[in-house]
Number of protein chains: 2
Amino acid sequence: MRITVLAGGIGGARFLQGVRAHARTQPDGDVTAVVNVADDTRMHGLRISPDLDSVMYTLGGAHDAERGWGQAGETWTVSGELKAYGAEPTWFGLGDKDIATHLVRTTMLDAGYPLSQVTEALCARWNPGVRLIPATDDRLETHVVVDLPGEGRRAIHFQEWWVRYRGNVPTSRFVFVGADTAKPAPGVLEAIAAADVILIAPSNPVVSIAPILAVPGLRDALVAASAPIVGVSGIIGGSPVRGMADKCLATIGVECTAAGVGGLYGARSDGGLLDGWLVDTTDDGLTVPGVRVASAPLWMTDEDATAAIVAAALALAG
Amino acid sequence: MRITVLAGGIGGARFLQGVRAHARTQPDGDVTAVVNVADDTRMHGLRISPDLDSVMYTLGGAHDAERGWGQAGETWTVSGELKAYGAEPTWFGLGDKDIATHLVRTTMLDAGYPLSQVTEALCARWNPGVRLIPATDDRLETHVVVDLPGEGRRAIHFQEWWVRYRGNVPTSRFVFVGADTAKPAPGVLEAIAAADVILIAPSNPVVSIAPILAVPGLRDALVAASAPIVGVSGIIGGSPVRGMADKCLATIGVECTAAGVGGLYGARSDGGLLDGWLVDTTDDGLTVPGVRVASAPLWMTDEDATAAIVAAALALAG
């Protein structure tokens, strides 16, 4: 059973815990995660890959479960000193443990290794039990067109929009910079073609899943895949499970409901992605034209609950 | 009273505390330190400047007086994580606080600022009370030709020789890589020309002072300076006050004595540098041909003792 998952950061990481748990109950269960990189940027010269790290730390058992991001037992000495120097940006805190990851990544990237190989090298320490592949090794960054008070319309990096402004700024659109020339990282197309089932994690559809799909060739590979594709809704009863999918969906004019996001992904029979769409029991009864919809409790409260979600998604895949 | 000091790291930093203390007792006391950069390198992609940082932290009151290097209250989270990743080099520990300094420096250097401007920017936080100028903005690195067991003869960076091997490896010579094309940093030649007195700190003559002198034009500027030049011996009774000057001097075939180092710098009247040479009272009575020699207690036990050393050096300058 080869499962390929498209995933963003924190929600994707938690979902992958369930996928891994389920796969371990299967003969030859094998999981590959194609992870969003469009949140990536450089901070203080360090290349950060928030989604890859969230997945890696979580599956490596090192994540801070309470805070939801970063590593457990994290400290903030370096960030405090950077602030004392007045080094910009001051609105983004880098944890000390996290900085070591970024130093290894940055050093390897600057030495010419592609992000996919860097990720493999980092994972040698964390043993995530899931193969992690960045959607692309190329630069692909979500920028956000906003109207800043007194500054007018400009494009800022997604991290600035998310972390600095918490999305509370008039927002026109999201632009995936580099999406015109990016190529799928080695292994991505193979993992899609070879999959027995493809899952779309309950990650943010607009800024986590969409930039994966924006890599040229990737959406075509999904459409052409022999495996069924099942998505899991990250919207329950009209609200995102976590994060700011509501603000993101509003920006692109899509209703913040499980039906809205299901429609955004679209039916495979109609040029979209989905064979199946798994929604929460709260949203039982909704329909997405051309898509098999099923419901199950979608709160990922623990690994067992999440594995049950995965089992329901796989059942929906047939 | 404009005092220009040639200085290395830890010993130079401590000496400069005394120079600053003395200068504050003088009308218009003004101190410029020309600091060695040949220990600089990149570690984990971060540009480190050990001597500039030692001076900056010490004069900024942030140094760890007990350990002798780095900042007080330093922590080592990042280094521990780098080791967990197996990231090389594992023999060099970067403190968390220190890493913030390196991140600011590296980011500014990579953005195109010269080291002298970076140093000025970093000093805006620390207020050292002394103008710190790197000897050069250009790459100038001490490499050491050694015979490593099983590896034969090769050149390693000074930091590897000093920190990893503690100098305990057959050593042929020191090479100042980049010394053929380096230029004095902006302000260096002016500080030498405008000085009322020039002091050579009791730093390592072979690997701290010599690479400063190796910058083309710098030695000529000293020879041409109108100010007297007085050196302070870092060797007391045949042993270095701290560090490994003994191993360094042995490598270049100079006796590890105050007389030996005085002779290495040489008399200004004879094409060398020194008008005066201040030695410890233990070494009272030694002579250096063509150089006025005086003695005083040279143990820099505290700032007052060090200021007294400086006063003695200035008295010797005339």
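Analyst: Two strands are said to pair if DSSP finds at least two bridges between them. Strands (E, at least two residues) and helices (H or I, at least four) are DSSP runs, numbered from the N terminus. This is a predicted model, in which local features need pLDDT of at least 70 and side-chain atom pairs count only at pLDDT 80 or more, while totals for chains, interfaces and linings use all residues. Residues are numbered from 1 along each chain as its sequence is written, chains are lettered from A and ligands numbered from 1 in the order in which they are written, and side-chain values use heavy atoms, with hydrogens and water left out.

The parallel sheet of chain A is open and has seven strands, in the order 5-2-1-9-10-13-14. Its edges are strand 5 (131-134) and strand 14 (292-296) of chain A, each of which pairs on one side only. From one strand to the next the twist averages 25°, where axes are lines fitted to C-alpha atoms, for helices over the stretch in contact, and angles run from 0 to 180 degrees between N-to-C directions.

Strand 1 (residues 2-7) of chain A has five of its six residues buried, so it is largely enclosed by the rest of the structure. Buried means under 20% relative accessible area, exposed over 50%, and partly exposed in between, with a 1.4 Å probe and protein chains only. On one side, six bridges join strand 1 of chain A to strand 2 (residues 30-35) of chain A in parallel, and A:Val5 has A:Ala33 as its bridge partner. Strand 1 of chain A also pairs in the parallel sense with strand 9 (residues 197-200) of chain A, over four bridges; here A:Thr4 is partnered by A:Ile198.

Helix 12 (residues 303-317) of chain A lies across strand 1, strand 9, strand 10, strand 13 and strand 14 of chain A, at about 145° to strand 13.

Chain A also has an open sheet of three strands with antiparallel pairing, in the order 7-6-8. Strand 7 (152-157) and strand 8 (171-177) of chain A are its edge strands. Six bridges pair strand 6 (residues 141-148) of chain A with strand 8 of chain A in the antiparallel sense, and A:Val144 stands opposite A:Phe174. Helix 8 (residues 205-213) of chain A packs on this second sheet, touching strand 6 and strand 8 of chain A, and its direction makes about 25° with that of strand 8.

Note on methods. Contact means heavy atoms within 4.5 Å.
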